[in-house]
Amino acid sequence: MARKRLTNGQKLQIVRDCEQRLANNESLRSIARSYGLQGKQIRNWRDKQLLLANTKSTKKSTSRGAKGRLQEYEWVSESWEAIAEVTIRNAWWKTGFSYFPEEE
């Protein structure tokens, strides 16, 4: 069976229903079966309940995006901001380009 891709709102709703059904002495296994899930998934969502509640309910993930790419972009952005304006001007002058026409 294919894995279900549920939104954060749906996951949170399942966790809330699970809490009520567990209070009525129903087993986690039977609750998971009724949703077509594994008990481990529901346990994982219960552990991350606060994180699920704080993210947009229509998203299917709690993360911001592909972590590898995001770290690369942050590194490039931080590196660019660390370069002084004087260094950038000198690099343009050295290559023979006139990017700063006011200083010709």
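**Helix packing and the nonpolar core**

In H1, the residues Asn8, Lys11, Leu12, Ile14, Val15, Cys18 and Arg21 are buried, where buried means under 20% relative accessible area, exposed over 50% and partly exposed in between (1.4 Å probe, protein chains only). The structure is a predicted model, in which local features need pLDDT of at least 70 and side-chain atom pairs count only at pLDDT 80 or more, while totals for chains, interfaces and linings use all residues. Residues are numbered from 1 along each chain as its sequence is written, and side-chain values use heavy atoms, with hydrogens and water left out.

The chain contains 6 helices and 0 strands, in the order α-α-α-α-α-α from the N terminus. Helices (H or I, at least four residues) and strands (E, at least two) are DSSP runs, numbered from the N terminus. Of the 104 residues, 19% count as buried. Among contacts (heavy atoms within 4.5 Å) with a separation of 6 or more, residues 24 or more positions apart account for 51%.

The buried residues of H1 pack against H2, H3 and H4. H1 has 16 residues and should span 22 Å at 1.5 Å a residue, which agrees with the 23 Å between its end C-alpha atoms; the expected span is 1.5 Å times one less than the number of residues. Just after H1, Asn25 takes a positive phi of about 65 degrees.

Arg21 is found in H1 and is buried, with a relative accessible area of 19%. Its side chain makes a polar contact with the side chain of Ser34 at 3.3 Å. A polar contact is a pair of N or O atoms within 3.5 Å; within protein, one must be able to donate a hydrogen and the other to accept it, and residues adjacent in sequence count only if both atoms are side-chain atoms. With neighbours within four places in sequence left aside, Arg21 is in contact with Glu26, Ser30, Ile31, Ser34 and Tyr35.

The largest nonpolar core has 12 residues: Leu6, Leu12, Ile14, Val15, Cys18, Leu28, Ile31, Ala32, Leu37, Ile42, Trp45 and Leu52. Such a core is a set of buried Ala, Val, Leu, Ile, Met, Phe, Trp, Tyr and Cys residues joined through side-chain atoms within 4.5 Å. At least two residues of this core come from each of H1, H2 and H3, and H1 gives the largest share, 4 residues. Apart from neighbours within four places in sequence, Ile14 is in contact with Leu6, Tyr35, Leu37, Ile42 and Trp45.

In helix H3 (residues 39–47), Gly39, Ile42 and Trp45 are buried. Viewed down the axis of H3, these buried residues fall within an arc of 125 degrees, so they line one face of the helix; the arc is that of the directions from the helix axis to the C-beta atoms. The cover over the buried residues of H3 includes helix H1 (8–23), helix H2 (28–35) and helix H4 (49–53).

On the other side of H3, Lys40 and Asp47 are exposed. Lys40 has a relative accessibility of 65% and therefore counts as exposed. The C-alpha atoms of Lys40 and Arg29 are separated by 9.2 Å, with the two residues 11 apart along the chain.
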